[in-house]
Amino acid sequence: MRQYSLPKVSLLTKSWQYNHVYKQGKRIRAKGVTFVYTPNTRGHNRLGISVSGMKSAVKRNRIKRLVREFYRFHPMFPSALAGAKENQTGFDLVVATNNRFVPKGLGHLKTIFLSFLPPLA
């Protein structure tokens, strides 16, 4: 079961890491969700999740769980979102959601997130 977990090195854990991404990053916005990304020097992608405006902890945690699950299956999503060249890694991504973002499930979340990727040339 441990092989399917998301390692801590793949996550933003400190408030200064989030602040750096928010200050230096580029934004892509849509209804209820904002992607903020910036290159890092670590050589691998990292994910941060910020859910605001949700009064219910159950709903907040469900969204975080779905976003982590999506990232686990698509670890190159931050690089693709940034339009990076093939095999270029090293991006920090914060997925910031609010109370208007209510995915029905992992498939619905996947459809929403993948719609933000630039078209293949």
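1. How many of the seven residues of strand β2 (residues 33–39) are buried? Six of them are, so β2 is largely enclosed by the rest of the structure. Here buried stands for under 20% relative accessible area, exposed for over 50%, and partly exposed for what lies in between, with a 1.4 Å probe and protein chains only. Strands (E, at least two residues) and helices (H or I, at least four) are DSSP runs numbered from the N terminus.

2. A note on the basis of these remarks: this is a predicted model, in which local features need pLDDT of at least 70 and side-chain atom pairs count only at pLDDT 80 or more, while totals for chains, interfaces and linings use all residues. Residues are numbered from 1 along each chain as its sequence is written, and side-chain values use heavy atoms, with hydrogens and water left out.

3. Strand β2 has two pairing partners to consider, where pairing requires that DSSP finds at least two bridges between the strands. With strand β1 (residues 26–30), β2 pairs in the antiparallel sense over five bridges, and within this pairing Arg27 stands opposite Val36 in β2. The two strands form a hairpin with two residues between them, and Gly32 in the turn has a positive phi of about 85°. Strand β2 is also joined to β4 by seven bridges, again in an antiparallel run, with Val95 in β4 as the bridge partner of Phe35.

4. Strand β4 (residues 91–97) pairs with β3 in the parallel sense over six bridges. Along this pairing, Arg46 has Asp92 in β4 as its bridge partner, and Leu47 stands opposite Leu93 in β4. Five of the six residues of β3 (residues 46–51) are buried, so β3 is largely enclosed by the rest of the structure.

5. For β4, seven of the seven residues are buried, so this strand too is largely enclosed by the rest of the structure. Phe91, Leu93, Val95 and Thr97 point one way from the strand, whereas Asp92, Val94 and Ala96 point the other way, and all are buried. Thr97, whose place is in β4, has a relative accessible area of 4% and is therefore buried. Between Thr97 and Leu47, which are 50 residues apart in sequence, the C-alpha to C-alpha separation is 14 Å.

6. The structure holds two salt bridges, each defined by a side-chain nitrogen of Lys or Arg within 4 Å of a carboxyl oxygen of Asp or Glu. In one of them the side chains of Asp92 and Arg46 meet at 2.8 Å, N to O. This pair links distant parts of the chain, since Asp92 belongs to strand β4 and Arg46 to strand β3, 46 residues apart.

7. Glu69 and Arg72 both lie in helix α2, three residues apart, which is about one turn of the helix. Glu69 counts as partly exposed because its relative accessibility is 26%, and Arg72 counts as partly exposed because its relative accessibility is 24%.

8. A positive surface patch is formed by Lys8, Arg62, Arg65 and Arg68. Patches are made of residues with over 30% relative accessible area and no salt bridge, like charges being joined within 9 Å and nonpolar side chains (Val, Leu, Ile, Met, Phe, Trp, Tyr) within 5 Å. Lys and Arg count as positive and Asp and Glu as negative, with His and the chain ends not counted.

9. Lys23 lies in helix α1 (residues 15–24) and is exposed, with a relative accessible area of 69%. The C-alpha atoms of Lys23 and Lys64, which are 41 residues apart along the chain, are separated by 22 Å.

Definitions and conventions
Accessible areas come from the Shrake-Rupley method with a 1.4 Å probe; for residues, only the protein chains shown count as cover. The place of a charge is taken as NZ of Lys, CZ of Arg, CG of Asp or CD of Glu.
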